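Let's take a friendly look at the aromatic rings of this protein. Please have the sequence and the 3D view at hand.

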Amino acid sequence: MGIETGNYINDLDADWPLATDNVSDGDNHLRLIKKVIKASFPGVDRVSEYIYVNTSAPTVSVGKGRLWLDTSTTPNLLKIYDGSAFKKLPISATVDYKLMGNDTVGWVLPTADGTANYPLTTTGSNVLAFAQLASAAIADDAVTTDKIINNAVDGTKIAMGSDAAGDVLYHNGTDYVRLGKPSTPKGEILSFNTSAVAPSWVLGSGFYASASSGTSCDSGSETKIAFATEAYDINGDYADSKWTPAKGYYIIHALVCVATPAALSSYSKSLLCNLYKNGAKVYEGDQEMMRYNSTGTVSSAVTATVYSSGSDYWEIYLYQNSGSTITSEAGNIARFTGARLPIGDSTPA
């Protein structure tokens, strides 16, 4: 037989050399054995331990770092000698590379990296997973070892979705949700109505108008008064001396002045400023008596809190029974104004 060849222990043939081989080849066999041993255990420059597999601990050459696989338990326990005793390094019976908390139970690691910015948390069943932080982990007092103080969660950490300046955060009974600001703000107010379960933006309305010229009023009948000069009209609801506001509650006020006809011979002549809704009188103002035998000015005012459906319109009419046609005063002394009340848009019972 010749001299075998090989680089590692597995390359050696256990049946070689044969009894019939030349004695002179002995040194070649020894060199080959040393070669494959050094190649199979590179870098070993001191005593090298191995894992002792048995049902009982090793008793010979037991030094610090000695490994023993204890096969007397299920699952088997890997143990290491610390210089005085063997300490357990448990191995999972079911999960590879399981981080063990005791002999049989450990942590199951997630198989994927989870959702971006989600922390690694425990499910409470020895499983690690990527998940959002539970609300119970946010404390409302001081920092603890397992909670985050609540004032660490500020507005930069809260997102409602498509956030914009003026948005409102409210609770809908299940969670906090976003109420976006009006797309084109026109003085809306935040309101509830009787059937709503959430707040909403309700369109505001208000105006102020005065008479740019007097209105001629016949005796014994009611005449619509013209208030043609607008000081403001918040939502463009006022036109042709008529106001048609959005649904809601409003306060309306008007005042009309007239000069008493000369040489009026009776005290029984009166002046009434009235509020009309949809062309019909609904509120009468203060009844003022005209001057007897004097051209003095008298005025009548009407003020009322009303509910408007959104299609209702409001006007001011004047009644006088002086016996002759008279003209109302012009300027800011003759005024018609209305404003929304901040009490929602609920329909009255």
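## Terms and model

A residue is called buried under 20% relative accessible area, exposed over 50%, and partly exposed in between (1.4 Å probe, protein chains only). By that cut-off F207, at 0% relative accessibility, counts as buried.

This is a predicted model, in which local features need pLDDT of at least 70 and side-chain atom pairs count only at pLDDT 80 or more, while totals for chains, interfaces and linings use all residues. Residues are numbered from 1 along each chain as its sequence is written, and side-chain values use heavy atoms, with hydrogens and water left out.

## A stacked pair

Searching the whole structure gives ten aromatic pairs. Rings of Phe, Tyr and Trp (its six-membered ring) pair if their centres lie within 6.5 Å; planes under 30 degrees apart count as stacked, over 60 as edge-to-face and the rest as tilted. F207 and Y238 are stacked because their ring centres are 4.5 Å apart and their planes meet at 15°. F207 belongs to strand β15 (residues 206–211) and Y238 to strand β19 (residues 238–239), 31 residues apart; strands are DSSP runs (E, at least two residues), numbered from the N terminus. Y238 is buried, with a relative accessible area of 4%.

## F207 and its other partner

F207 also forms an edge-to-face pair with F336, at 4.9 Å centre to centre and 85° between the planes. Because F336 lies in strand β28 (residues 331–340) and F207 in strand β15, this pair ties together parts 129 residues apart in sequence. Both F207 and F336 are buried.

Which residues do ring pairs link into a cluster? They are F207, F227, Y238, W243, Y250 and F336.

Terms used: Helices (H or I, at least four residues) and strands (E, at least two) are DSSP runs, numbered from the N terminus.
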